[in-house]
Amino acid sequence: FFSLTQKRCCNNIDSRGGRKPVMGERMMKIVTYNVNGLRQRILQFGSLRNLLNSFDADIICFQETKLSRQDVTADLVMVDGYESFFSSTRTSQKGRTGYSGVITFCRVKSAFSSTEAALPLAAEEGFTGLMCNSQTSEDKLPLFIEDLEGFSKDELFSVDSEGRCIVTDHGHFVLFNIYGPRAGSDDTERIQFKQIFYRILQKRLESLLHQGRRIFVVGDLNIAPFAIDRCDAGPDFDNNEFRRWFRSMLIENGGHFSDVFRAKYPDKSDAFTCWSQSTGAEVFNYGSRIDHILCAGSCLHKLDDLQCHSFIRCHVKECEIMTQYKRFKPESTPSAHMRKGGKSVKLEGSDHAPVILTLMEIPEVSLHSTPSLSARYVPMIHGVQQTLVSLLMKRRVSDSCKMADSDISVVSTSERIEEPIDIIGSSTRECDFLPNKDSERSILEPNKLSTGSSLETVSKSGSLFKKSKIQKCDESKKKARNSQSSQLSLRSFFQKSTNLDNGIKDSCIGFSDSQAEPSQPNSQSLENSAVFDHSSSPVQDEASAACDQDLAELNDSSRKEEKSNVASQEWQRIQKMMQNSIPLCKGHKEPCIARVVKKQGANFGRRFYVCARAEGPASNPEANCGYFKWATSKSKNK
């Protein structure tokens with residue numbers, strides 16, 4: 001028999017096992033989501049604020065952010081109204097940099113002197129205790145440091161160096177944001193890493209439980225625990241060691257944790273959170289449930305020996321998979337996402353769906369401020385520190401600018417043109433090195449030394465010549481870059497390009513000759529020539545250079561056009577040849593798509609063909625028919 005208080009508490013439990021709302025209760029929502037690249041999700045939603053606000057949750061845990069530490073910027077991890085705590089990969093191992101990463105966002109009204117439970121009292125990067133930046137608001141973190149004698153320091157550090165865990169202490173519970181490692185069936189190195197990862201995690205969790213703490217473990221654990229959680233569970237499904245480990249942690253098997261979603265929906269099938277990107281399995285909901293929310297510990301009610309009390313029964317109102325974030329929308333027809341003709345329709349979004357947990361009756365905590373691990377205190381977030389190399393490069397460019405200005409200033413005063421030229425239409429915006437005040441002063445200084453229109457003309461013409469020289473130099477650099485970046489075809493090495501530029505060449509020669517012809521001298525020109533005896537030389541040189549430049553540009557344009565036509569014809573021929581060799585799948589009589597074996601082994605680099613349709617149940621005739629055929633030869637390894 002229960003006491004009156006026990007009966008009152010149990011009577012507030014609804015038919016679905018959740019507690020009925022009561023007056024004055026405080027709700028809290030926790031979301032876990034493998035974003036498959038935080039940058040991509042921010043671009044998808046327009047901003048980080050829009051992404052976070054779309055969940056309307058108090059604590060949001062992201063996994064697989066794919067951010068290395070040097071990639072983390074304020075626009076990726078900071079937004080008003082949220083405190084964030086992130087962990088990025090620290091390893092330089094090949095294929096692991098910028099691969100994983102987790103971040104926890106906490107929605108708060110104030111980051112200082114707050115009583116909100118969503119704002120953590122303590123935060124820690126990793127769960128081995130070795131990360132040196134583990135801090136709390138009081139510079140203490142009384143969580144764990146025992147029972148790890150069986151692990152070497154290198155093993156402990158390797159577990160935390162991939163950015164797979166952020167721990168936040170919210171007073172009433174400790175929250176683990178976890179991105180579990182993935183390991184192929186024949187990848188012994190990653191299997192061993194995954195074993196060490198979960199063994200150390202289990203010891204950390206047991207240490208906290210021994211201290212009487214309540215725990216939430218959320219995230220992509222890369223484990224589908226039961227056959228109902230996997231679309232293609234075979235006869236050996238239960239023999240997987242990591243599934244056995246997961247189930248051993250659950251209460252029904254003698255452990256301490258509850259799988260919250262399965263506790264609420266024990267028999268719900270087709271409840272998946274992850275789908276294969278490469279096979280388009282999301283179209284037919286052909287996936288697995290590997291994103292979890294686990295909880296352990298007693299309820300928050302201060303009552304003794306209440307058998308009907310548990311954290312789930314008393315405080316968990318709902319736990320749902322947020323299917324609205326799936327890339328394939330249920331209202332769309334599967335045929336709209338079919339992959340036909342060797343082309344696939346790319347679905348926007350992550351290949352995972354978020355899971356949301358709604359808690360009830362979560363009281364406030366004592367007055368505290370955000371821990372020092374918060375992104376607001378990370379120096380690299382507020383500005384990138386200059387390296388010595390970048391500083392020297394900037395000085396080198398600055399010195400080059402000054403040298404160019406001084407050289408051009410000398411030219412502008414020595415090179416003189418007889419007649420003034422209108423420079424209103426000239427453009428200097430394309431020039432990277434604009435004249436500074438010193439160079440402008442050196443150009444204008446001759447006007448102070450003498451009077452007369454001829455010296456004013458010298459100043460204007462010198463300025464024009466300077467701008468023209470810089471602009472041509474800039475254009476020649478651009479042309480050189482374009483010619484280097486253009487791809488040469490095989491035929492271009494054996495074929496000489498034909499240019500219809502004889503007329504332009506002749507016109508340029510004629511123009512040069514006409515400029516060189518002597519004109520009848522007059523008294524004014526003789527007078528000017530006495531002062532400027534080489535005034536016509538810059539004009540002739542500039543005109544000749546302009547003609548040469550126009551001719552070179554025409555030749556370059558003609559070569560590019562010819563190469564483009566040849567490449568287009570070759571590509572059309574290759575496409576036609578490939579289409580003739582692509583087999584048709586037997587199930588739908590449609591062209592297959594080609595793929596290449598990327599796994600190391602005897603067939604590495606070998607090409608094969610498969611049905612182009614999305615993967616789905618074998619009973620569905622609209623899904624992939626399972627056709628497979630090896631190509632005749634291996635593709636060239638790159």
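User: Where does F226 sit in the chain?

Analyst: In this predicted model, F226 is in the loop between β9 and α7.

User: Is F226 buried or exposed, or something in between?

Analyst: F226 is partly exposed, since its relative accessible area is 23%.

User: What does F226 touch beyond its sequence neighbours?

Analyst: Setting aside residues up to four places away in sequence, F226 touches F237, R247, L250 and D259.

User: D259 makes me think of H292. Which residues is H292 in contact with?

Analyst: Leaving aside neighbours within four places in sequence, H292 is in contact with T32, V217, V218, G219, L221, I223, P225, F246 and D259. H292 belongs to strand β13, which covers residues 291-296.

User: And is H292 buried or exposed?

Analyst: H292 is buried, because its relative accessible area is 1%, and the cut-off for that class is under 20%.

User: What does the H292 side chain do in polar terms?

Analyst: The side chain of H292 reaches the backbone oxygen of I223 at 2.7 Å. The side chain of H292 also makes a polar contact of 3.3 Å with the side chain of R289.

User: Let us move to the annotations. Which residues does UniProt list as "active site"?

Analyst: The UniProt record, an unreviewed entry, gives the annotation "active site" to Y179, D220 and H352. These residues span 174 residues in sequence, yet no two of their C-alpha atoms are more than 12.7 Å apart, so they gather at one spot.

User: Start with Y179. Where is it, and what does it touch?

Analyst: Y179 lies in strand β8, residues 174-179. Apart from residues up to four places away in sequence, Y179 touches N34, Q63, E64, Y99, S100, V102, R164, F197, D220 and N222. With E64 there is a polar contact between the two side chains, at 3.4 Å.

User: Buried or exposed for Y179?

Analyst: Buried: the relative accessible area of Y179 is 4%.

User: Then D220. Which strand holds it, and which residues are around it?

Analyst: D220 is found in strand β9, residues 215-220. Its contacts, leaving aside neighbours within four places in sequence, are N34, Q63, I178, Y179, G180, I290, D291 and H352. D220 is buried, with a relative accessible area of 2%.

User: And H352: where is it, and is it buried or exposed?

Analyst: H352 is placed in the loop between β14 (316-321) and β15 (355-359). At 4% relative accessibility, H352 counts as buried.

User: Which residues does H352 touch?

Analyst: Not counting residues up to four places away in sequence, H352 touches Y33, N34, D220, T273, C274, W275, I290 and D291. The side chains of H352 and N34 are joined by a polar contact of 3.5 Å.

User: Changing topic: at what angle do α5 and α6 pack?

Analyst: Helix α5 (residues 153-160) and helix α6 (residues 188-210) pack at about 90 degrees, and their axes are 10 Å apart. That makes α5 roughly perpendicular to α6.

User: Which residues meet there?

Analyst: From α5, E155, L156, S158 and V159 meet F193, I196, F197 and I200 of α6. The residues of this contact divide into six nonpolar, one polar and one charged.

User: Finally, how many helices and strands does the chain have?

Analyst: The chain has 16 helices and 18 strands. Of its 638 residues, 41% count as buried.

User: What share of the contacts comes from residues 24 or more positions apart?

Analyst: Such residues account for 73% of the contacts in the chain with a separation of 6 or more.

How values were computed
Residues are numbered from 1 along each chain as its sequence is written. This is a predicted model: local features need pLDDT of at least 70, side-chain atom pairs count only at pLDDT 80 or more; totals for chains, interfaces and linings use all residues. Side-chain values use heavy atoms; hydrogens and water are left out. UniProt positions are given in the numbering used here, feature names are shortened, and annotations may be inferred rather than shown by experiment. Helices (H or I, at least four residues) and strands (E, at least two) are DSSP runs, numbered from the N terminus. Buried means under 20% relative accessible area, exposed over 50%, partly exposed in between (1.4 Å probe, protein chains only). Contact means heavy atoms within 4.5 Å. A polar contact is a pair of N or O atoms within 3.5 Å; within protein, one must be able to donate a hydrogen and the other to accept it, and residues adjacent in sequence count only if both atoms are side-chain atoms. Axes are lines fitted to C-alpha atoms, for helices over the stretch in contact, and angles run from 0 to 180 degrees between N-to-C directions. Angles under 35 degrees count as roughly parallel, over 145 as roughly antiparallel, 65 to 115 as roughly perpendicular and the rest as oblique. Ala, Val, Leu, Ile, Met, Phe, Trp, Tyr, Cys and Pro count as nonpolar, Asp, Glu, Lys and Arg as charged, and the others, Gly among them, as polar.
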